[in-house]
Amino acid sequence: MTLDDWKKKLGGGRYLEAGGCRFHYARMGQGRGGGAPTVLLIHGWPEFWLAWRKNMPVLAKSFDVIAPDLRGFGESRSTDRPADALLTPDIIADDLIAFLDTLGLGRVAVAAHDVGAQAAQALAKKVPERIAGLFFFNCPYGGIGKRWADPESMPETWYQYFNQLPMAPLLAGLNRNACRLYFGHILSHWSHDPDTFAGDLDLWVDNFMAPGALEGGFAWYRGVDGIRRGMVRRAMAGDWPDADPNPIAHPTCIRWGEHDPVLRAGWMDSLGGWFSSLDAAVAPSAGHFVHYETPDAANAWMVEFFSRL
């Protein structure tokens with residue numbers, strides 16, 4: 001199936017302008033009887049809306065489900081700033097507030113992964129009254145602290161520095177083969193089963209080879225670099241808190257892939273200090289992309305959690 005085929009199947013190909021961005025998004029389950037709650041799906045990197053393709057049809061049986069491309073990812077494009085302008089969790093959170101406002105949505109539940117999980121935490125802090133609950137897969141959070149600079153982990157975080165180089169988008173987007181090599185390595189290496197994305201890799205290449213589709217990911221890593229380095233410096237100096245003095249109080253469920261080489265499952269140990277209403281567990285047989293690698297389990301967890309809300 002092509003990207004256009006998936007759009008037709010999953011309610012994609014929708015666009016709206018909000019907060020200085022023209023968003024592309026997919027929506028399923030809208031108009032369900034009984035006022036079905038809305039679940040906002042926020043992808044990570046290297047992902048775009050289609051990363052939720054194995055989850056949307058199941059969730060849409062019970063919920064109104066919306067999966068946007070974040071600014072500079074997929075087909076979403078800035079209209080108010082250069083394509084390579086820095087992205088941070090606060091900027092993406094503001095984007096999502098404007099996106100929800102334009103759709104006329106008040107309170108939503110959120111499922112997010114990786115970059116999206118970090119942005120969703122900023123969203124929950126900014127507008128707590130609009131978030132019913134949070135479900136995260138493999139979630140960057142403040143409790144990681146100085147472990148971002150753990151010597152055992154640094155060989156796995158090279159991409160965070162490569163992605164900030166001016167040549168990064170030029171190399172990754174040089175041609176289809178270069179794009180396939182770069183993203184194919186990330187997707188296979190971060191998955192417990194390296195063949196997880198094999199059948200869909202051409203879709204990822206089609207997405208990232210489109211003009212403007214690479215900028216958001218690289219702009220994100222430039223935008224959060226200072227935040228992450230500041231965290232590491234403070235943690236190494238003993239000035240980083242063991243817990244958030246104002247932890248996120250929303251019901252929060254986290255499932256973390258046991259075999260993730262870049263966001264290690266062992267880093268879950270401080271989650272309780274940053275989320276005060278927490279259900280967290282390791283997801284076996286999965287790496288970084290739990291929702292994509294083990295969709296049956298992920299869907300069951302999400303449906304159960306969102307139904308309780």
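Predicted model: local features only at pLDDT ≥ 70, side-chain atom pairs only at ≥ 80, totals over all residues.
Helix 7 and helix 8 meet through R176, C179, R180, F183, G184 and L187 on the helix 7 side and L201, D202, W204, V205, D206, F208 and M209 on the helix 8 side. By class, the residues of this contact divide into eight nonpolar, four charged and one polar.

**Helix 7 with helix 8**

- Helix 7 spans residues 176–190 and helix 8 spans residues 201–209, and the two pack at an angle of about 120° with their axes 9 Å apart.
- Angles of 65 to 115 degrees count as roughly perpendicular and those over 145 as roughly antiparallel, and helix 7 and helix 8 are therefore oblique to each other.
- The crossing that helix 7 and helix 8 form is right-handed.

**Helix 3 with helix 4**

- Helix 3 and helix 4 pack with their axes 8 Å apart, at an angle of about 70°, which makes helix 3 roughly perpendicular to helix 4.
- Helix 3 passes helix 4 in a crossing that is right-handed, and the contact joins P89, D90, I92, A93, D94, L96 and I97 of helix 3 to V115, Q118, A119, A122, L123 and K126 of helix 4.
- The contact of helix 3 with helix 4 comprises nine nonpolar, three charged and one polar residue.

**The cavity**

- One cavity of 30 Å³ or more is present in the structure, and the largest cavity holds about 70 Å³ of space.
- The lining of the largest cavity is made up of D114, V115, Q118, P140, W148, Y159, Q160, W220, Y221, R228 and L263, with helix 4 (115–126), helix 5 (158–162) and helix 9 (215–236) as the elements that give two or more residues to this lining.
- Helix 9 supplies the largest share of the lining of the largest cavity, namely three residues.
- Seven nonpolar, two polar and two charged residues make up the lining of the largest cavity.

**The largest pocket**

- The largest pocket contains about 560 Å³ of space, and of the 23 residues that line this pocket, Q118, Q121, G142, I227 and M231 are the closest to its centre.
- Helix 3 (89–103), helix 4 and helix 9 each contribute at least two residues to the lining of the largest pocket.
- The lining of the largest pocket divides by class into 13 nonpolar, five polar and five charged residues.

Definitions and conventions. Residues numbered from 1 in each chain as written. Heavy atoms only, no water. Axes fitted to C-alpha atoms, helices over the stretch in contact; angles between N-to-C directions. Helix = DSSP H or I, 4+ residues; strand = E, 2+ residues; numbered from the N terminus. Parallel < 35°, antiparallel > 145°, perpendicular 65-115°, else oblique. Left-handed = near helix turned anticlockwise from the far one by under 90°. Contact = heavy atoms within 4.5 Å. Nonpolar A, V, L, I, M, F, W, Y, C, P; charged D, E, K, R; others polar. 1 Å grid on protein atoms, 1.4 Å probe; cavity = no way out; pocket = protein on both sides within 12 Å on 5 of 7 lines; lining within 4 Å. Points joined across faces, edges and corners; volume = space filled by probe spheres on them.
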